[in-house]
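Please read these comments alongside the model.

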Amino acid sequence: MAYDMEEIRISQEIFYYLLEKHELREEQAKELYRAYTDNEQIQNLVQSQGEAAQAAIERYGSVIYLIPNEDNYFLGFSKAELKAVLCKSGAVDRDYYLSQFVILTLLVEFYDGQGSSSKSRDYMKVGELQNSIALRLQEGAQQSSNVEAEELEIAFSNMLAAYSALRSEEKGSKAKTTKEGFLYHVLKFLEKQGLIDYIEEDEMIKTSQKLDNFMDWNLLNQNHYERVLHVLGVM
């Protein structure tokens, strides 16, 4: 398939835009958006560049996203980088896995994977999320001890121990050694990625349109959703 120089130039401009901003919105860059959606040649070129960079180019509604592959540590985050951002100094694997469990719990609380939209609520309070995390960790540890799944039992027991080791203080703590501070840094990270709106003064969490789109169109097909529920001990 032959491409002319103008198509190649525009595709490179679109891909550079995605590298810089990770998303291309129609209302913010209408000409580039239209070039991608109206010209199959340009679309193929951009997606080919995405594949070379170990990332997917996906359009949800009126937004085009650059989504790094799971093992893409150049455009995404490595385990070590996430541990440094989300966890306390000197954190070990159980602290890192706890931070990922917090994110999974938040997703399940907001999205039920059913109907035309997977979203089941508009907001939740930080205290409610904290209670849900504690409850799911306890339930997971109890349920996994009753089945022949030693690795699962160890994983839940370790995460529960890591969560229990965090001090509990009054609201407003930002220390990663407290439950409140640990959640604060996880939520601020998600907000920085454009996935949630974290209203600190009201202790309220809302999901962004970006996360809603991603959950509806990508993550929450039934197979993925059931995997998340299984990890959390819901199924």
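This is a predicted model: local features need pLDDT of at least 70, side-chain atom pairs count only at pLDDT 80 or more; totals for chains, interfaces and linings use all residues.

1. Residues are numbered from 1 along each chain as its sequence is written, and side-chain values use heavy atoms, without hydrogens and water.

2. The largest nonpolar core has 36 residues. Such a core is a set of buried Ala, Val, Leu, Ile, Met, Phe, Trp, Tyr and Cys residues joined through side-chain atoms within 4.5 Å, where buried means under 20% relative accessible area with a 1.4 Å probe, protein chains only. Its largest share, eight residues, comes from α5. A second, separate core of 18 residues includes Leu18 and Leu66.

3. Phe101 and Phe156 form an edge-to-face pair, with centres 5.9 Å apart and planes at 85°; rings of Phe, Tyr and Trp (its six-membered ring) pair if their centres lie within 6.5 Å, and planes under 30 degrees apart count as stacked, over 60 as edge-to-face and the rest as tilted. The two residues are 55 apart in the chain, in helices α5 and α7. Phe101 is buried at 2% relative accessible area, and Phe156 is buried at 3%.

4. Asp212 lies in helix α9, residues 209–219 (helices are DSSP runs of H or I, at least four residues, and strands runs of E, at least two, numbered from the N terminus). Asp212 is buried, at 11% relative accessible area. Beyond four places in sequence, Asp212 has contacts (heavy atoms within 4.5 Å) with Tyr111, Lys119 and Thr207.

Technical notes:
Buried means under 20% relative accessible area, exposed over 50%, partly exposed in between (1.4 Å probe, protein chains only).
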